[in-house]
Amino acid sequence: MQSIWSAALTTGPSVSTSTHLLCATAPAPILLNQERTGLKGRRQNGKKKIRGTETTYDIVIEKTFVPEQCGRAVKVGDYVRYHYNGMFPDGKKFDSSYDRGSTYNVYVGKKQLIEGMDRALVGMCVNERRLVTIPPQLAYGKEGYGDVIPSDAILHFDVLLLDVWNPDDGVQSETYYTPENCSRKVEVSDYVRYHYNGTLLDGTLFDSSHTRLRTYDTYVGIGWLIAGMDQGLLGMCVGERRIITMPPSLGYGSNGDGSDIPGQASLVFDVVLLDLHNPKDGVTITNQDIPQPCLRKSISGDFIRYHYNGSLLDGTFFDSSYSRNRTYDTYVGKGSLIGGMDEGLIGVCIGERRRITIPPHLGYGEEGTGTKIPGSAVLVFDIHIIDFHNPSDTVVITTNYKPEVCETLAKKGDFVKYHYNASLMDGSFIDSTYNYGKTYNIVLGANQVVPGMEEGLKEMCVGERRHLVIPPHLGYGERGVDGEVPASAVLVFNIEMIEMEAGLPDGYMFIWNEEVSADLFTEMDADKDLQVLASEFSDYILRQVNEGKGRLAPGFSANLIIENMFSNQDRNGDGKITEEEFKLKRDETPHDEL
């Protein structure tokens, strides 16, 4: 069958010209409930005297089937389509629309039928079935009809009504489900996606989008649809269900569609609207929940981490970051996202929740994704912003408390002890030293913590408390820490400096606190064999430290420092230091260290 939406329309009905018995012939619908209907006229015990002859005057109607619902009954002036079998009282058939394979289509009450049938059709409902007995004077009378119907023949018709409409009819729309929220209704020039079942007035199915497993997608009100559907879709909400009934003049007219829809057929469409947009639409932001305070809003070029639920306009789910248990991480405003999302994520705050509604031309267009997102689909994203940063961001340091006396400030090389609570920007807990009951201890500048923490600890004094916001490139980067810190996560630390030990000057691991002995080598050479072994070297340095004469860099293993110092003096790597080596090294190093 050709598309039910693109057929040419006719301006009005036409009467069938096929040769039917009934002069102006026409049978009618389905039946139940027996009823006898007397015709107007002077009667005497149900009969009338005519020229000295007693003749039956009334038609007799027996309703053999009556539908439970009758939205409309035939009245004079209506156009009807019906099937019939015509029989004589002995059961012999003289005519049948079924044998011709087409309904009989005609106006009622306009003398296009024999009088008895004109009257018998009045009051019938679609799908009603009647057995009608018509006396001769309301049928073909004494003349009969050629060789088919003899003179003074009583006729019986088994009539099934299939369709009824009136030239004055327009489109009728009946909504049987309305969604709770209807922020927008279909207007002329909107583009819609909907499912439908198309039937004739008697319930015969002629087409369905459901059987094709895809919606019908089209513009409304610009002539892409039959006129009745163009009118019937106006004013619908997404999710609304309605019955749209239209006469032939607003459907496929006198010719039908050439296959499943006969000529002069009323059409009934059961429609559910799934999607609606206009080519002029832009991104719509709704349902905003903005945390306070909002210290910064996202701009083009930011890297953002967010969770989302994605659905179609009718609520059909298609994707979620929550189901993957990880955020979606991307740059904003650089074309890494569909246009609507790129736009919808600008101007958000960390922690904000918002709904972003994206028309197809800013989403996946006419093609969709081929699987979960159909072509020309409006997309709805409910998003939650977890964090964002810019590659140019530095550590944000906020001092929450500073003691009155705060003169000694942490610097590179200092050994510091501090407590911290660590979390993500959305408040998700990462770690805390308080849980372990001990401080975290590092040497500043020794690359023992992420660069952002190094920066945040500088120039703190003991007792000071700070709030640090560290961007990923100064934290754990794009990889994060498996199971602890997500990739590209902004980190939040609340830190408190507990203790500090001054470090050595930059580049030193050991210094003397007093004048250096003029005969260091001899003092180290405990067994006086003119060479210093590693054990002798280590014992000597540790003794100087214990006596306060020298100092090792704090925060490092003393043994490792001493091993490194010995290695620097053992120039030929033979495991011992000669006086010549020691002097050469001493001469090269004008500092008070080995």
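Two residues are in contact when they have heavy atoms within 4.5 Å. The model is a predicted one, in which local features need pLDDT of at least 70 and side-chain atom pairs count only at pLDDT 80 or more, while totals for chains, interfaces and linings use all residues. Residues are numbered from 1 along each chain as its sequence is written, and side-chain values use heavy atoms, with hydrogens and water left out.

**Exercise 1.** Describe the surroundings of Glu-240.

*Solution.* 
Step 1: Locate the residue. Glu-240 lies in the loop between helix 4 (227–232) and strand 14 (241–246). Helices (H or I, at least four residues) and strands (E, at least two) are DSSP runs, numbered from the N terminus.

Step 2: The term buried means under 20% relative accessible area, exposed over 50%, and partly exposed in between (1.4 Å probe, protein chains only).

Step 3: List the contacts. With neighbours within four places in sequence left aside, Glu-240 touches Thr-175, Tyr-177, Pro-179, Gly-235, Val-271, Val-272 and Leu-273.

Step 4: Identify polar contacts. Such a contact is a pair of N or O atoms within 3.5 Å; within protein, one must be able to donate a hydrogen and the other to accept it, and residues adjacent in sequence count only if both atoms are side-chain atoms. The side chain of Glu-240 has one with that of Thr-175, at 2.5 Å, and another with that of Arg-242, at 3.0 Å.

**Exercise 2.** Which side chain meets that of Arg-81 in a salt bridge?

*Solution.* 
Step 1: Apply the criterion. A salt bridge requires a side-chain nitrogen of Lys or Arg within 4 Å of a carboxyl oxygen of Asp or Glu. The partner of Arg-81 is Asp-163, at 3.2 Å from N to O.

Step 2: Arg-81 is buried at 2% relative accessible area, and Asp-163 is buried at 0%.

**Exercise 3.** Is Arg-296 buried or partly exposed?

*Solution.* 
Step 1: Read the value. Arg-296 has 32% relative accessibility and therefore counts as partly exposed.

Step 2: Examine the partner. Arg-296 forms a salt bridge with Asp-393 (3.0 Å, N to O), and Asp-393 is buried at 19%.
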